[in-house]
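Subject: Structure for you to look at

Hello,

Here is the structure I promised. Please open it next to this email and follow along.

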Amino acid sequence: MPKKGKFITLEGGEGVGKTTNVPFIKDYLQSQNIPVVITREPGGTGLAEKIRGLLLQGNDEEVTGHAEILLMFAARAQHLRHVIKPALAQGQWVLCDRFTDATYAYQGGGRGMPLETIGWLENFVQDGLRPDLTLLLDVPIETGMARAKNRAGQLDRFESEEFEFFNRVRQVYLDQARHYPGRIKIIKADQSLPDVQKAIVENLKPLLRWQ
Ligand code: Z5A
């Protein structure tokens, strides 16, 4: 199916404000008469959401790095096949809360999985599909962790990691942005929410001009 819509992903470490900004981006795109599908990873389909549950909850049994990354890509394969590719083919835009840059950051940076292995899986599963634009919300680790801890509810399996884990995650995200400056735009997300949202709109505008 040829791709007609645009594919936007939202990335960043712990508590950077992705969930907060998804409805804002959706409203902005709809105000520009763009039909948009909102989704997330891991998840986005019935099966992929079940895999998300397995990945985020604690387990009695240790989850190996190999199992974790293969589950991420298994969920992604379902999501691409049943949600992302059909929507793009119909001319809808897709806004996805996390995608493969998160795998580079968490499984690569955080867990130490070789980046070449992730690249191989990316090519295998995505068949050339990459986001048109990735908004990377970036805050110092301390700020993100403090924001996440202030939220109600228990910390999940990833959120329970230590500072050093999140530091490696952040470094890989920033490296990815240096490698792909045309696609990945860094948004300084420790500003006030209106300033973060102003920066988001500035980075969306060029994509609107090319539709
Ligand atoms: N994961 C992975 O390992 N590999 C993969 O390939 C993929 C994912 C796809 C689930 O992600 C986990 O899956 C994730 C990585 C892993 N684990 N972690 N960590 P998730 O996206 O569902 O969960 P999350 O990263 O934990 O998201 P989050 O902690 O919910 O963060 P957020 O959505 O970016 O933040 P938020 O909830 O919008 O904001 C946090 C708080 O800050 C909240 O109270 C806001 O009101 C506040 N906030 C937001 N913006 C501001 C500003 N500008 N100023 C002040 N306060 C603010």
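The lining of the second largest cavity divides into four nonpolar, no polar and three charged residues. (Nonpolar means Ala, Val, Leu, Ile, Met, Phe, Trp, Tyr, Cys and Pro; charged means Asp, Glu, Lys and Arg; the others, Gly among them, are polar.) Glu14, Met145 and Phe166 are among its lining residues. A cavity is a set of points on a 1 Å grid over the protein atoms alone where a 1.4 Å probe fits but cannot get out; lining residues have an atom within 4 Å of a point.

This is a predicted model, where local features need pLDDT of at least 70, side-chain atom pairs count only at pLDDT 80 or more, and totals for chains, interfaces and linings use all residues. Residues are numbered from 1 along each chain as its sequence is written, and side-chain values use heavy atoms, with hydrogens and water left out.

The volume of the second largest cavity is about 30 Å³. (A volume is the space filled by probe spheres set on the points, which are joined across faces, edges and corners.) The largest cavity holds about 90 Å³. Its lining has 15 residues, with Gly13, Glu14, Val16, Val139 and Ile141 closest to the centre.

Now the ligand. One of its oxygen atoms is 2.2 Å from a side-chain N or O atom of arginine 98. The shell around the ligand divides into eleven nonpolar, eight polar and ten charged residues.

Best wishes

Conventions. A polar contact is a pair of N or O atoms within 3.5 Å; within protein, one must be able to donate a hydrogen and the other to accept it, and residues adjacent in sequence count only if both atoms are side-chain atoms. On a 1 Å grid over the protein atoms alone, a cavity is a set of points where a 1.4 Å probe fits but cannot get out, and a pocket is an open set with protein on both sides within 12 Å along at least five of seven lines; lining residues have an atom within 4 Å of a point.
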